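Please keep the sequence and the 3D view open as you read.

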Amino acid sequence: MALNRKIASVFILFAAIACREDKSHEYSYEFREVPFTDVKISENSFWGQRLYACRATTIPLALGKCREYGRYDNFVKARLQMDADHNLGFEVGGFPFDDTDVYKTIEGVSYLLQTYPDPALESYVDSVLVLVAAAQEPDGYLNTARTMNPLKPHDWMGKERWSEVEVLSHEFYNLGHMVEAAVAHYKATGKTSFLDIARRYADCVCRNIGDGPGQIVRVPGHQIAEMALAKLYTVTGDEKYLDQARFFLEKRGSTSRKDAYSQAHLPVLQQDEAVGHAVRAEYMYSGIADVAALTGEKAYVEAIDRIWENIVGKKLYITGGVGSRYDGEAFGPAYELPNLTSYCETCAAIGNVYFNHRMFLLHGDAKYYDVLERILYNGLISGMSLDGGAFFYPNPLESDGRFQRQSWFGCACCPSNLCRFIPSVPGYAYATKDRDIFVNLYMAGDADIALDRGSVKLCQQTDYPWSGDVKICVADNSAGRFTLKLRVPIWARSEVLPSSLYHFADTVSLCCSACVNGEPVPFSADEKGYLNIERRWKKGDVVTLHLDMPARLVEACDSVAEDRGLLCVQRGPLVYCAEQADNSFDLNSATLAHHPSLRTEELQEDSFFRQYGKMVALSASLEGEGNSLSLIPYYAWNHRGKGQMRVWFRH
């Protein structure tokens with residue numbers, strides 16, 4: 001009761017935090033994303049259902065877990081300790097990055113408010129930010145795991161600020177997630193309340209960390225501050241944030257931390273292979289891509305291009321997952337891609353989306369979206385159940401029955417990361433450059449797109465990924481002539497990836513086409529993977545795109561020892577798997593027929609999965625007359641109890 005009264009007093013004390021007038025300017029990339037605030041996804045579409053699950057289940061669950069596990073109380077305790085004239089002796093438990101659960105949840109809410117405006121939820125976030133602001137020390141430092149008990153902080157903290165940041169204290173990691181969330185909150189609401197908090201902490205870091213007089217040289221133990229600070233620069237235009245991101249990157253490998261696990265074995269500009277902890281790596285690679293795009297410096301561009309080629313050519317699972325080893329949650333050597341023991345952490349999949357998205361913003365090439373789409377529809381959304389209430393930490397490509405989704409984790413990075421990522425998906429659909437509009441993801445909904453000389457409203461109708469038919473209507477246009485650039489997915493060009501790591505094992509003739517107002521246009525992808533339609537567009541113009549979407553057989557290159565002699569099945573962007581719930585035999589003994597027939601079947605209303613929307617299943621013929629294997633999309637496995645699951649099969 002006493003603590004509750006203290007909480008109430010803190011609310012009252014800090015309730016006057018003002019939301020200031022927006023005076024910032026956007027500093028962006030050559031290729032620009034269309035902001036999530038300008039894209040609305042149709043409710044009954046594939047992604048509309050994912051957003052609904054996040055709104056109805058994931059966000060409320062995350063908010064509840066923040067209360068249940070004392071995440072909000074930590075901010076209150078930090079304030080109470082700052083106001084006290086003696087040490088109050090608060091016990092610091094959990095993890096030193098527990099504050100980020102609050103930040104990531106706020107980020108998810110901010111994205112979601114664009115699709116589902118909710119004044120009560122927005123007000124709730126405002127009340128949480130009162131607590132966050134109250135816990136910020138006078139110089140901007142904000143880390144409850146230290147502030148609530150400076151004499152005995154978390155065991156992973158050092159005696160002084162930053163002393164253990166390269167190992168376990170996660171002080172810069174907390175900053176990174178705070179900034180990411182604050183920028184999303186600012187863009188979604190126009191309020192600067194959270195952005196002001198994040199800037200004060202970022203300013204504190206910029207003042208104290210560096211190689212100038214009175215500063216100390218430190219780099220993040222767990223990366224994310226690099227990409228977050230670059231993002232803060234794009235919103236504020238303050239170059240010190242971009243400079244700090246560069247400092248963190250350029251000093252990596254020159255401090256006491258020099259191990260591959262932390263990607264500190266070499267200076268970043270000399271690295272050419274993805275190594276170490278996969279989440280840390282993907283976040284750092286995203287930061288390198290940010291600096292490359294925002295500065296145009298050739299050395300950064302060359303370094304990140306090398307690393308991307310290494311991942312896509314040698315270390316990427318067919319599901320888009322990365323990180324083959326449980327030990328260290330890490331990348332293994334080239335072509336080490338085991339299935340049963342694969343790690344493929346959900347957070348690593350999210351990081352890989354961030355990385356590929358930034359690579360597109362750097363180069364404007366569809367191949368990065370070909371990889372991003374594979375991750376998105378397979379190894380990322382597999383991390384969350386269809387109802388939004390249960391989660392995977394690793395995402396293996398084979399199961400002997402040991403795996404089961406959980407409602408939360410003690411280390412909650414994956415659920416809270418999904419909480420913030422899924423609602424952000426609308427912001428990945430479109431991009432622009434000058435008078436070009438890139439349609440990078442096919443998802444039903446509306447987009448208001450600003451070009452250099454006017455604006456365009458597009459309305460997209462599609463049943464993707466179940467169908468390759470897309471209809472795009474120009475609902476309004478004040479920009480006149482522009483080029484609509486439709487990504488032709490790599491699978492529609494009979495390639496699996498923009499590398500030789502996997503290839504289609506069958507020969508299928510695909511018939512793809514496009515029309516404008518019913519008149520055919522030449523269907524040919526340019527050297528960067530886009531079908532370009534340039535014209536002076538009128539309101540009511542309609543583009544239709546047809547992509548043949550047969551089920552295909554995929555084979556790995558011979559260098560992937562685990563998959564030699566095996567095939568998997570893909571349809572459109574979706575990888576399929578078989579699980580015990582649909583097959584009454586040992587999946588390890590299943591052998592595909594020499595030339596297996598693949599059949600599609602939309603699941604009926606009485607199917608378990610139809611309560612979560614449409615789903616297309618497959619069947620593949622096995623050796624022996626009349627035998628067949630039932631398959632479902634990989635992302636949907638493990639909803640009907642434990643059991644065997646496989647992605648790859650003998651043939």
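## A predicted model

Please bear in mind that this is a predicted model.

## Aromatic rings

Let's begin with the rings. The count of aromatic pairs comes to 40. One of them is formed by Phe31 and Phe360, whose ring centres are 5.9 Å apart. Their planes stand at 55 degrees, so the pair is tilted; edge-to-face would need an angle over 60.

Elsewhere, Arg535 lies over the face of Trp537, and here the distance to the ring centre is 5.3 Å.

## Two helix pairs

Two packed helices are described by the angle between their axes and the distance between the axes. Take helix α8 (residues 193–208) and helix α9 (residues 225–236) to start with: their axes come within 12 Å and cross at roughly 120 degrees. The two helices are therefore oblique to each other, and the crossing of α8 and α9 is left-handed. On the α8 side, the contact is made by Leu195, Arg199 and Ala202; α9 contributes Leu229, Leu232, Val235 and Thr236.

Next come helix α10 (residues 239–250) and helix α11 (residues 278–295), with axes that come within 10 Å and cross at roughly 130 degrees. Because roughly antiparallel needs an angle over 145, α10 and α11 count as oblique. Their crossing is left-handed. Leu242, Ala245, Arg246 and Leu249 of α10 meet a set of α11 residues that includes Met284, Gly287 and Ile288.

## Two buried residues

Where does Thr105 lie? You will find Thr105 in helix α4 (residues 99–115), buried with a relative accessible area of 2%. Leaving out residues up to four places away in sequence, Thr105 touches Ile59, Ala62, Leu63, Cys66 and Cys419.

Val569 sits in strand β16 (residues 566–571) and counts as buried at 1% relative accessibility. Beyond its neighbours within four places in sequence, Val569 is in contact with several residues, among them Ala551, Arg552, Leu553, Leu598 and Leu618. The C-alpha atoms of Val569 and Phe504 are separated by 9.4 Å, and the two residues are 65 apart along the chain.

## Backbone details

Pro465 is in the loop between β7 (454–462) and β8 (469–477).

Which residues have a positive phi although they are not glycines? Asn517 has a phi of about 55 degrees, and Asn638 has one of about 65 degrees. Asn517 is in the loop between β11 (513–516) and β12 (519–521), where it counts as partly exposed at 41% relative accessibility. Asn638, in the loop between β20 (628–633) and β21 (644–646), is buried at 3%.

Methods. Residues are numbered from 1 along each chain as its sequence is written. This is a predicted model: local features need pLDDT of at least 70, side-chain atom pairs count only at pLDDT 80 or more; totals for chains, interfaces and linings use all residues. Side-chain values use heavy atoms; hydrogens and water are left out. Helices (H or I, at least four residues) and strands (E, at least two) are DSSP runs, numbered from the N terminus. Buried means under 20% relative accessible area, exposed over 50%, partly exposed in between (1.4 Å probe, protein chains only). Contact means heavy atoms within 4.5 Å. Rings of Phe, Tyr and Trp (its six-membered ring) pair if their centres lie within 6.5 Å; planes under 30 degrees apart count as stacked, over 60 as edge-to-face and the rest as tilted. A charge sits over a ring if NZ of Lys or CZ of Arg is within 6 Å of the ring centre and within 35 degrees of the ring normal. Axes are lines fitted to C-alpha atoms, for helices over the stretch in contact, and angles run from 0 to 180 degrees between N-to-C directions. Angles under 35 degrees count as roughly parallel, over 145 as roughly antiparallel, 65 to 115 as roughly perpendicular and the rest as oblique. A crossing is left-handed if the near helix is turned anticlockwise from the far one by less than a right angle, and right-handed if clockwise.
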